[in-house]
Amino acid sequence: MPKYSLRRKVNVKFVTNTTKESRRVLHERLHSLGFDIEKSEIFTSLSAARSYVDTHKIRPLLMLEKEAMEDFEGVGTSDPNAVVIGLAPSCFNYSKMNEAFRMLLDGSTLIGIHKARYLKKKDGLYLGPGPFVHALEYATGTQAVVLGKPEKAFFLEALQEFSCPPDQAVMIGDDVIDDVGGAQKCGMLGILVQTGKYRSKDESKIQPAPHLTCPDFPASVDYIIDNLL
Amino acid sequence: MQCSAPSLRMFKSSKVCTVLIDLSGTLHIEDYAIPGAVNALNRLRRKVNVKFVTNTTKESRRVLHERLHSLGFDIEKSEIFTSLSAARSYVDTHKIRPLLMLEKEAMEDFEGVGTSDPNAVVIGLAPSCFNYSKMNEAFRMLLDGSTLIGIHKARYLKKKDGLYLGPGPFVHALEYATGTQAVVLGKPEKAFFLEALQEFSCPPDQAVMIGDDVIDDVGGAQKCGMLGILVQTGMIAFDCR
């Protein structure tokens, strides 16, 4: 079975831009679906943000939903000097956006956990955090620090644990721009799977095209084991 | 009084026949008139056409007129041209059915416009609409092919108690989300100034714009060939950055 045989041959890590749920919640879900995954193997844009906040000794105003706040336990938030924005519908209102705006005018740093334009749910498309980060960039004439996919720093940080150079690494994902495009821009091989967010002809949206476009995750694993190891 | 007019020599050959005047920050600041402004306006009126131009989208023309009248200004409601007027005019001309993201006080200027089965999103300064739910509704309409119309794209505005986000960032958010560009109607767009002058059949090079916003008032007017005069009241006087 592909999901077992890949692990025996290479290091694996799970990378996601989700900012609505903590790592613990993600892990519980995957575990309940039968995946053999450790919580420490999951690297989210929230993890990247937490790591950035710690490294730079930042005191953030966190624009996050309650479920994601867990990943920031222990971070000091009084007298904030940065605005950290994730997917936070309850914060995307005039009052909270204005509070963030005034902090940025006072010199706080703007940090976007990621800049996804939208996300897909069962009942349709929803605005991502990207448009709201963009709104504040426009209002203040500044540029946000962006942490998640497709930023190079995100992929490099995920690989760091294995001391693996990008050209010996593969990224498998359904988002041609954020997953595959981003990974290939830092020297990795990208495999686009035709499930989830994938829409017809997505593979023609990036240059160079994905190293491989294939039907699903099991197919990508077969390809890796047969051709890349 | 020190005035700098580097382009005056170039302009002396054309006779000015129309003056456009910004309202907030130029003729008045909130509830008080700029000292001397009422008399100055009366003197100006005797010699040229005047029109009052403003980007406000939070209040109807009637409300603006009432305020100016109570401050002593001799102004007709029909002489006030707002970005809301420009938007109403655009909606009528293009037979648009808008989803109006406006505050209640501004809706008055859209009376008579059909809004069922909307095919455009029209955005003004509307704090009560700048929430995830309403923004998402607008987003989905735009994905379905509706036009995005920004009444203006001011980044922020100044009030007595500080700076507030303008409609610009929210228009920008939807542009980013959909990968499209909004039609923008108010200052500093060229079309806005030209439409204001149209009533007098006055070419831009015979018109002057007076305002306190160097980019939206003066820069915008000069870009369409008008002479711009920057007054040192309003935006500059209240600058707290």
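This is a predicted model: local features need pLDDT of at least 70, side-chain atom pairs count only at pLDDT 80 or more; totals for chains, interfaces and linings use all residues.
On the side of chain A that touches chain B, two or more residues each are given by helix H5 (94-105), strand S7 (124-127) and helix H6 (130-140) of chain A. The largest share comes from H6(A), which contributes seven residues. By residue class, this side of chain A consists of 16 nonpolar, six polar and four charged residues.

In total, 26 residues of chain A are in contact with 27 residues of chain B. The area buried between the two chains is about 2600 Å², and carbon and sulfur atoms give 66% of this area. Of the area that chain A buries against chain B, 33% is supplied by Tyr94(A), Leu127(A) and Tyr138(A), more than by any other three residues.

Chain B contains nine helices and 13 strands. Its radius of gyration is 18 Å, close to the 18 Å given by the globule rule for 241 residues, so chain B is as compact as a globular protein of that length. Along the principal axes, the C-alpha atoms of chain B fill a box of roughly 55 × 40 × 35 Å. Buried residues account for 49% of the 241 residues in chain B. Among contacts in chain B with a separation of 6 or more, 64% are between residues 24 or more positions apart.

Key. Residues are numbered from 1 along each chain as its sequence is written. Chains are lettered from A and ligands numbered from 1 in the order in which they are written. Side-chain values use heavy atoms; hydrogens and water are left out. Contact means heavy atoms within 4.5 Å. Buried area is the accessible area (1.4 Å probe) that two parts lose on being put together, summed over both. Helices (H or I, at least four residues) and strands (E, at least two) are DSSP runs, numbered from the N terminus. Ala, Val, Leu, Ile, Met, Phe, Trp, Tyr, Cys and Pro count as nonpolar, Asp, Glu, Lys and Arg as charged, and the others, Gly among them, as polar. The radius of gyration is taken over C-alpha atoms; the globule rule is 2.2 Å times the number of residues to the power 0.38. Buried means under 20% relative accessible area, exposed over 50%, partly exposed in between (1.4 Å probe, protein chains only).
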